[in-house]
Amino acid sequence: MILSRSLNITLPVKKWSQICFILYKKIMLQVYHNGLLYNTVNITKFVYNNLQQQNTTVLPQEITIEGTGTMVPAFEQISPGVVDRNSSSYLTVTRLYVVDKSELANYEILRLFNEPYFSEVTRDFRVDWTEFYQPDASSNTSALVTPSKEPDLGNFDLRFPGNPDVTIDIPYIPPLDTFSLSMWIRVNTSHGEDATIFELDSGRGTVLKLQRRGLRFEFLFNCSNSTVKLSYPNVITDDNWFHLIFQRAKPNHKIHQYKHGSYMQTKRDLRLNVTMLEIHNCTIRIGDGTFVGDITSLNLWSVAFTGNMIVSLALNPGNAAGDIFSWKRLMEQSYQTSLTVPSTCRQRPGQFDIVFPEQNHNSISYISTSSSYLNKFNSIAAAFWIKIPSSADEFTLISYAVPSEVNEFSVHFGTTGICVYLHGNLRFIPLERSKLLDRKWHHFIISYASSNGILYCYHNGKLTMKDRGLAKSFIAKDGVLVIGAQQSRYNEVNEFIFQFTGEISQLQIYRRTFSQGAIRTFSARCSNIPGNFFRWADIPAGIKGQVRIRHQSECLKAKSGEVD
């Protein structure tokens with residue numbers, strides 16, 4: 001029995017859209033459009049056997065499929081599988097995948113929409129889009145358009161003061177009881193003038209406004225004829241790109257701020273606990289005559305994101321499109337602005353590897369840096385990629401020491417596993433050494449949360465150990481981090497043994513932990529959100545000895561499919 005169900009999805013004409021169908025336990029069909037949940041249909045028995053487009057208008061689409069069953073594009077077919085290319089009406093499809101498990105979480109769908117060129121290579125596809133293209137004499141590739149005409153419309157920056165303020169009209173938006181304002185921004189700190197970065201104006205006054213005030217941001221929210229002004233200090237720390245989200249969820253009188261995917265702070269005002277009115281004939285303004293810097297991927301949504309979805313947006317700028325305002329509108333509607341194409345945000349600091357030499361008993365090669373964080377904290381996570389040669393002996397990779405404890409947090413790779421020290425307490429993680437000697441990059445995340453005293457270790461995205469035996473205690477501040485060697489005492493490295501030999505990339509240390517889904521995402525790429533305790537881009541300043549930087553990251557090439 002085949003049960004057919006009709007779903008009405010309004011797609012823009014002559015624009016790419018992402019559609020994702022998830023069939024869950026054959027009783028529920030979820031439909032996602034451009035990364036967000038569009039509709040849910042409860043069914044008792046479902047076999048999805050075709051996709052037909054009845055309209056004669058050209059509707060190019062990017063379609064991502066997940067679920068059991070078979071999917072066959074069937075539009076204007078002369079015979080099964082043969083499309084009439086002479087017809088003025090046809091469906092253009094790219095990146096069509098079918099897998100047998102309904103395991104895509106909402107943040108993964110959003111990430112795949114934001115970065116369509118990035119896919120997890122570990123998935124087993126029932127239908128793999130790459131297999132459609134088989135350029136040999138026996139294959140019929142007449143319907144294929146190569147290379148794909150799928151555009152990358154979000155890949156540009158707005159540079160100020162190269163542009164005046166950019167104004168976009170929006171005829172209607174829903175009440176802003178819930179919203180997420182997301183952007184990538186780079187501020188020229190040598191120009192300290194106060195400036196407006198983003199403003200939403202209803203014609204009767206400002207609804208939302210984001211302003212720079214020196215190194216802090218100020219968020220203005222207009223509700224019930226009262227203007228709430230919230231200040232967020234120390235948002236701007238340097239001249240580099242950073243990802244920023246301000247978010248409010250109903251019912252809530254708080255606005256949360258996230259930087260680089262990590263929660264920073266919440267501001268509360270009881271005047272925010274109101275229902276907003278519908279806003280008509282709205283205007284969005286980006287920049288003003290005094291702002292100096294760059295902006296890309298600025299989007300405004302009428303939804304609040306989960307923590308994993310925020311991490312997905314903070315991985316890279318891309319094609320994410322807000323339902324109230326989409327960054328791609330500036331490109332699609334040819335606004336008279338000076339755009340920097342391609343975006344410079346995608347070439348951020350930190351896209352390098354570090355190579356440690358063979359052990360030398362006459363000198364020690366390592367990296368040393370200190371923490372400027374002033375408070376103790378309750379969680380820590382170290383994420384890194386390593387590649388080691390077959391000749392490598394056991395080594396200490398991470399040694400974080402404080403004046404009262406030399407092994408406050410240390411990671412040591414032995415012959416039969418990994419030794420992790422927390423507050424001087426040892427935990428052993430079994431790991432076959434042969435698994436690391438395949439001349440491939442390996443990803444690790446080792447994390448600890450004092451709230452529950454649990455230590456986690458993930459290898460290539462999979463949980464390898466969960467230890468509940470640690471005492472619940474905070475991580476100490478004012479520490480010194482050494483990479484590639486062991487500290488014998490606080491801020492002292494004088495032992496030749498246990499030096500690291502090999503390559504390391506993207507060592508980020510966070511004052512937080514991550515969900516298993518986010519860790520799976522991290523393990524499929526060699527560029528992640530910067531650490532908010534120790535940041536990879538800052539680490540080369542502490543190089544000692546024969547350690548060298550490789551600016552053309554082999555890890556980045558390997559995880560993007562350029563090399564093995």
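In the predicted model, asparagine 316 occupies the loop between α2 (307-315) and α3 (329-332), helices (H or I, at least four residues) and strands (E, at least two) being DSSP runs numbered from the N terminus. Residues are numbered from 1 along each chain as its sequence is written. Local features need pLDDT of at least 70 and side-chain atom pairs count only at pLDDT 80 or more, whereas totals for chains, interfaces and linings use all residues; side-chain values use heavy atoms, without hydrogens and water.

Asparagine 316 is buried, at 15% relative accessible area (buried, under 20%; exposed, over 50%; partly exposed, in between; 1.4 Å probe, protein chains only). Beyond its neighbours within four places in sequence, asparagine 316 is in contact with Asn114, Glu115, Trp184, Arg348 and Arg525, contact meaning heavy atoms within 4.5 Å.

An open sheet of 7 strands runs in the order β32-β31-β30-β25-β34-β23-β36 with antiparallel pairing; two strands pair if DSSP finds at least two bridges between them. The edges are formed by β32 (462-467) and β36 (548-550), each with a single partner strand, so one side of each lacks a neighbour in the sheet. Within this sheet, β25 (residues 379-387) and β34 (residues 502-510) pair in the antiparallel sense over 6 bridges, and lysine 387 stands opposite glutamate 503 in β34.

The largest nonpolar core has 44 residues, of which Phe413 and Ile504 touch the most other members. A nonpolar core is a set of buried Ala, Val, Leu, Ile, Met, Phe, Trp, Tyr and Cys residues joined through side-chain atoms within 4.5 Å. Strand β26 (residues 395-402) contributes the most to this core, with 5 residues.

The structure holds 14 salt bridges (a side-chain nitrogen of Lys or Arg within 4 Å of a carboxyl oxygen of Asp or Glu). In one of them, aspartate 165 pairs with arginine 285, with the closest N and O atoms 3.5 Å apart. Aspartate 165 lies in the loop between β10 (157-160) and β11 (166-173) and arginine 285 in strand β20 (residues 279-286), so the pair ties together parts 120 residues apart in sequence. Aspartate 165 is partly exposed at 34% relative accessibility, as is arginine 285 at 26%. Arginine 427 forms a salt bridge with aspartate 467, the closest N and O atoms being 3.1 Å apart. This pair links strand β29 (residues 425-430) and strand β32, 40 residues apart, and both arginine 427 and aspartate 467 are buried.
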